[in-house]
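Let's take a friendly walk through the spaces inside a protein.

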Amino acid sequence: MINPVLAEMAAYPFVKLEETRRALAARGVEVIDFGKGDPNEPTDPMIRQALIDALPVRAPYPLAAGLPELRESAARWCKRRFGVDLDPDTELIPTYGSKEAIFSLAQVLVDPSSDKRVVAYGEPAYPVYERGALFGGAEVRALPLRRENGFLPDLSALDERTAIVWVNYPHNPTGAVAPRSFYEELAARADELDFLIASDEAYTELWFSEPPPSALQVADRSRVIVFQTLSKRSSMTGYRSGFIAAPAVVIAALKAYRPTVGTAPQEFVQRASVVAWDDERHVEETRARYAAKRDVLLPAIAARGWEVVASEATMYLWLAVPDADAVVAQLLERGLIVSPGTFFGPSGEGYIRFALVPTLDECRRAAAILAEL
Ligand SMILES: Cc1ncc(COP(=O)(O)O)c(C=O)c1O
């Protein structure tokens with residue numbers, strides 16, 4: 001009765017963390033939750049007001065193509081941020097956050113009956129690339145991401161059966177950034193083996209020293225599909241608003257597929273999203289807040305003798321620790337929730353991840369707890 005893909009799937013890892021959080025809170029332990037990457041930052045008042053102002057008396061079904069104003073603001077942002085020119089009518093489509101669009105990509109672009117049905121992704125990873133590919137009837141291939149390679153995949157491991165390669169830089173969970181040259185190598189390999197590049201760029205705006213590049217910046221974008229979102233950039237996870245930038249043929253396929261699924265963002269959310277994409281001041285403030293939290297935690301982590309690896313961008317700190325399970329348990333005892341690296345795949349062994357989502361005050365308290373361990 002249940003789809004075997006679902007029946008065989010382990011619980012979404014963060015469901016377990018949430019259970020742990022509740023159990024600790026029920027015992028009266030003060031919990032500081034560095035587990036799930038859901039920003040605790042306030043959404044800028046200007047964006048909230050735009051949502052309120054856009055709320056109509058009656059909200060009709062939103063169309064899959066989205067409001068032209070939103071596609072135009074996304075195109076303007078891509079131009080400002082990455083210097084690329086996109087046609088808002090043929091190369092962009094809004095999404096309901098990026099998760100649903102990441103999940104369904106294989107259903108849109110993979111023929112499960114063909115030999116060319118492998119979806120590859122770096123691992124450790126956000127779990128949705130793999131899960132979406134499995135539900136789409138694709139075959140999955142995890143490419144281990146190792147510290148000695150800067151957490152970049154080994155592209156020589158790919159073959160002709162590859163249909164899609166997922167990349168995610170800045171990377172969740174390691175915080176690694178890919179250099180522009182990596183995207184050029186990937187594009188060259190895509191051309192050689194005839195696959196599409198799906199680049200999940202949820203974290204490009206959360207950086208500490210210099211803005212990371214985008215896969216959109218490669219010389220030949222004809223195989224590049226980029227997923228952007230306001231969730232982390234503008235602390236708007238609950239709004240559900242992102243976009244896909246892709247070649248016209250892919251956007252046309254998405255325009256054919258998405259009306260059946262019904263995942264266009266509400267128009268009042270789209271109007272608030274225009275305000276969000278058009279403004280950088282609130283993003284600068286957000287970056288400053290994450291940097292402050294990071295500055296509080298780094299010395300406390302160093303004093304424990306734990307090593308912070310990669311972590312150049314995103315809201316995550318990726319720590320190499322001697323015995324990850326023991327460290328996670330030790331921190332839990334003191335009310336600090338962190339994710340074991342293995343939540344994100346077997347190559348996460350030996351690491352733990354801190355999501356910098358608690359408040360600055362909570363980070364200070366956590367630093368004090370780390371000092372006492
Ligand atoms: C790597 C990565 N991609 C995509 C997403 C999805 O974000 P959203 O659906 O809110 O845009 C997340 C959320 O945590 C993420 O970590």
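A molecule sits in a cavity or pocket if more than half of its atoms lie within 2 Å of the grid points of that space. A cavity is a space where a 1.4 Å probe fits but cannot get out, whereas a pocket is an open set of points. Keep in mind that this is a predicted model.

**The ligand and its pocket**

Where does the ligand sit? The ligand is found in the largest pocket, which has a volume of about 470 Å³. This pocket is lined by 25 residues, and those closest to its centre are Tyr12, Gly37, Lys99, Tyr126 and Lys232. Two elements, α5 and α8, each give two or more residues to that lining. Sorted by class, the lining of the largest pocket has 10 nonpolar, eight polar and seven charged residues.

Now look at the ligand's own surroundings. There are 15 residues around the ligand, and Ser98, Asp200, Thr229, Ser231 and Lys232 come nearest. The helices α5 (99-109) and α8 (230-233) each supply at least two residues of this shell. By class, the shell has five nonpolar, six polar and four charged residues.

| Side chain | Ligand atom | Distance |
|---|---|---|
| Asn172 | oxygen | 2.8 Å |
| Asp200 | nitrogen | 2.5 Å |
| Tyr203 | oxygen | 2.8 Å |

How much of the ligand does the protein cover? On its own the ligand has 400 Å² of accessible area, and the protein covers 92% of it.

Next, let's turn to the cavities. The structure holds two cavities of 30 Å³ or more. The largest cavity has a volume of about 80 Å³. It is lined by 14 residues, with Gly122, Trp166, Val167, Asn168 and His171 closest to its centre. The strands β3 (118-123) and β5 (162-167) each supply at least two residues of that lining. Which classes of residue line the largest cavity? Its lining has 10 nonpolar and four polar residues, and no charged ones.

The second largest cavity holds about 40 Å³ of space. Its lining is made by Leu70, Arg71, Ala74, Leu92, Ile93, Pro94, Gly242, Phe243 and Trp277. By class, the lining of the second largest cavity has seven nonpolar residues, one polar and one charged.

Most residues other than glycine have a negative phi, and most peptide bonds are trans. With that in mind, here are some places to look at in the backbone.

A cis peptide bond joins Glu123 and Pro124, with omega about 15°. You will find Pro124 in the loop between β3 and α6 (128-135). Another cis peptide bond joins Asn172 and Pro173, and its omega is also about 15°. Pro173 belongs to the loop between β5 and α7 (180-193).

Where is Ser235? Ser235 lies in the loop between α8 and β8. Its phi is near 50°, a positive value in a residue other than glycine.

Definitions and conventions:
Residues are numbered from 1 along each chain as its sequence is written. This is a predicted model: local features need pLDDT of at least 70, side-chain atom pairs count only at pLDDT 80 or more; totals for chains, interfaces and linings use all residues. Side-chain values use heavy atoms; hydrogens and water are left out. A residue is near a molecule or strand if one of its heavy atoms lies within 4 Å of it. A polar contact is a pair of N or O atoms within 3.5 Å; within protein, one must be able to donate a hydrogen and the other to accept it, and residues adjacent in sequence count only if both atoms are side-chain atoms. Accessible areas come from the Shrake-Rupley method with a 1.4 Å probe; for residues, only the protein chains shown count as cover. On a 1 Å grid over the protein atoms alone, a cavity is a set of points where a 1.4 Å probe fits but cannot get out, and a pocket is an open set with protein on both sides within 12 Å along at least five of seven lines; lining residues have an atom within 4 Å of a point. Helices (H or I, at least four residues) and strands (E, at least two) are DSSP runs, numbered from the N terminus. Ala, Val, Leu, Ile, Met, Phe, Trp, Tyr, Cys and Pro count as nonpolar, Asp, Glu, Lys and Arg as charged, and the others, Gly among them, as polar. Grid points are joined across faces, edges and corners, and a volume is the space filled by probe spheres set on the points.
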